[in-house]
Amino acid sequence: MALKIGVLISGSGSNLQAIIDEIEAGRLDAEIRVVISSRPDAYGLVRAQEAGIQTVALSKDVYADYETANEAIATELVHAGCEYVVMAGYMRMVTDPILMAFPDRVLNLHPALLPSFKGAHAICDAYEAGVKMTGVTVHFANAEYDKGPIVAQRAVEIAEDDTLDSLEEKIHAVEHQVYPEVLQMIAEGRVTVGDDRKVHIAPRG
């Protein structure tokens, strides 16, 4: 049985496309039931529509009250029959209406090795800090921004000749690999959050 997911986006939807591609290639046993965007002009909505996926676009006015917006999103996700929620470049905070409807089932992708470089400018922050290694983190979202049980991390080296643009390209390429891999582990029933609030991953088979 395919894992039923809802995807939250705010922009171009490149990670959404990576998930769609892996599903179509037969490497990811999942079904995207709905794509919800915080912006009606997000190109990710076009990607979803071209793949025949139901879309919901929310306006800036809806987000005047975060709780009301998140209640509306939670309702759409539940109505679509989603089992997990996947934040893919979603630039809004998820709050209790969503977190309580999907406890330990809201995934977020962060372009750094958490707990380092939290926030919306993680790639730039790492680049400007002069660190030699950054990366990508997939974690379960909770009420604290960029803080929740970590599912997977993948390191990305910052080379001497990297520019900010080239580093962003390297980060995004890794994101497109690791997010579908994590979703496949979840689809296989291998990912659990223990009483210690740490993620435990069972071996395949």
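**Salt bridges and a helix crossing**

Me: Why does glutamate 31 count as partly exposed?
Reply: Glutamate 31 has 35% relative accessibility, and partly exposed lies between buried (under 20% relative accessible area) and exposed (over 50%), with a 1.4 Å probe and protein chains only; glutamate 31 is therefore partly exposed. This is a predicted model, in which local features need pLDDT of at least 70 and side-chain atom pairs pLDDT 80 or more, while totals for chains, interfaces and linings use all residues. Residues are numbered from 1 along each chain as its sequence is written, and side-chain values use heavy atoms, without hydrogens and water.

Me: What makes the pair of arginine 33 and glutamate 31 a salt bridge?
Reply: Their closest N and O atoms are 3.5 Å apart, and a salt bridge needs a side-chain nitrogen of Lys or Arg within 4 Å of a carboxyl oxygen of Asp or Glu. Arginine 33, at 27% relative accessibility, is partly exposed. The structure holds 10 salt bridges, including that of glutamate 144 with lysine 147 at 3.9 Å, N to O.

Me: Why is aspartate 41 called exposed?
Reply: Aspartate 41 has a relative accessible area of 56%, so it is exposed. Its salt-bridge partner is arginine 39, at 3.1 Å, N to O; arginine 39, at 38%, is partly exposed.

Me: Why are α5 and α6 called oblique to each other?
Reply: The axes of α5 (residues 122-129) and α6 (residues 164-187) cross at roughly 125°. Oblique covers what is left after under 35 degrees (roughly parallel), over 145 (roughly antiparallel) and 65 to 115 (roughly perpendicular); α5 and α6 are therefore oblique.

How values were computed. Axes are lines fitted to C-alpha atoms, for helices over the stretch in contact, and angles run from 0 to 180 degrees between N-to-C directions. Helices (H or I, at least four residues) and strands (E, at least two) are DSSP runs, numbered from the N terminus.
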